[in-house]
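Look at the chain and follow a few of its parts in turn. The text starts with a single side chain and then moves on to a helix and the core.

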Amino acid sequence: MLLFCLIAFSAQKSGAEVVELDAVQVRNMAIAALEDGDPGLAIQLSKALLKTDPKDPLAYYIIARSYARLDDPRLARRAAGYAYRYADAGPARFEAAQLAARMAFEGEQYSLSQLWLRRTAIHAPTEADEKLVAQDYKLLRQVNPWSLRLRADLRPSDNVNNGSDTSRNIIDGVPDDGTISGAGLALSGLIGSLDIAPAYRLHIDANSMTTLGARLYVERVTLSDSAKATAPDAVGSDFASTYAALSLSHSRAVGSAKSRGRASFDMALGESWYGGERNYRFVRVGAARSWRPDPNTRFALRAAAEHRYNARYTTNDARVLSLGADFGKAMENGDIFNLALAFQDADAVSINGTYSTVSMRASYTLGRAVGPARLSMGLVMGYTNYDQFLFSLNGAVPRTDKSLYGDLTLIFDRYDYAGFVPTLRLRTGRKDSNFSRYSSREVSVSLGIGSKF
């Protein structure tokens, strides 16, 4: 098809010459104008192309490059977005998304630039290009005051309610009066969760950083047909939970440059819901100290004090003290070992909410892929003690719970989309208690989505 373009051969001439060109010629002239340093003419010619084909990705790309030359990142990004939309999947979309990300960055729209980088990752032609995109994303994360952690998870489980594995109420090996209701037994079903944690960096310099954050964790349950038969009066919403919090944290470098240590302090306000009703509100303060004696070793200590109030039940009207330690080591072969120890002591209005617990989690992640995925293995052991626990009319007696869980996680980082990768996790284990109501077993398989960057 022929195009008619008005091209002024000289700014001094009052008239213009009408030149008849086809689309290929106009496109070549636009490219040449851009390369010769005349972005204005390149834009004019490209807009003429768009009158013939409003979905011409190359015309939009030339316009985007031209506005970039004219130091107009906003119009350049918008044109690059149209180029991305109308281009075929592959290198053309990769280049358009790269340009859009760069223009968003120059326009100081850092979150939008991150979004375009994720789109770039979808069409990265080589693994090397994908690694460069990941590096750019990490650098941009340091510049952008906004950050967002997002994780979604869907897991079938044979115990969605942490129910008992027996219908008999047995305390210290002695059968008690009555039986455990259907809703108190282990029920199978499907658990879906969404964890969203945005944050805004209020201040940063060479030695310190202050951040305002929020978190929303939502977990919903769907009961299986067999669970509905076991507990006809129960519905999935009975076991739904929600957690929301606002936090303020400050960290700064401490110690020698060799130790690369940091100290951090934080406070949080939040609320917990269970079964559609408020569980309790809380205020928490915490502190942590970390050391990095070498680039491959990390050690940290942490402590927190939490006050729970306006509780639905007196078991949650409590003061909770938490202590913990973490150790991490990256091996020469790329494997990573982590060990976490935790202690928690709760003092509640009700004796049933007063307890102390200690737990340990060890994990080992292989540095190289096993087939299509990276492999991570974990083991969790826990011990909880209640000095007195009241469950029946026979009076309060001590209660002890012991738990052991193992998990195996497959991270399919070769199958990423926009920097997000699927994960598959198998978890199994059991908790033994001298109160049979709190003895349980669980086998679950979860499919999750996490960020590769």
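Arg 77 is found in helix H4, where helices are DSSP runs of H or I with at least four residues, numbered from the N terminus. The model is predicted, so local features need pLDDT of at least 70 and side-chain atom pairs count only at pLDDT 80 or more, while totals for chains, interfaces and linings use all residues. Residues are numbered from 1 along each chain as its sequence is written, and side-chain values use heavy atoms, with hydrogens and water left out.

Arg 77 is buried (under 20% relative accessible area, 1.4 Å probe, protein chains only). Arg 77 has no salt bridge (a side-chain nitrogen of Lys or Arg within 4 Å of a carboxyl oxygen of Asp or Glu). The nearest side chain of opposite charge, Asp 72, is 8.8 Å away. Leaving aside neighbours within four places in sequence, Arg 77 is in contact with residues including Met 103, Gln 109 and Trp 116 (contact means heavy atoms within 4.5 Å).

Just after H3, Asp 71 takes a positive phi of about 60 degrees.

The largest nonpolar core has 38 residues (a set of buried Ala, Val, Leu, Ile, Met, Phe, Trp, Tyr and Cys residues joined through side-chain atoms within 4.5 Å). H3 and H4 are among the elements that give two or more residues to this core. Phe 453 is one of the residues with the most contacts inside the core.

Conventions
Buried means under 20% relative accessible area, exposed over 50%, partly exposed in between (1.4 Å probe, protein chains only). Lys and Arg count as positive and Asp and Glu as negative; His and the chain ends are not counted.
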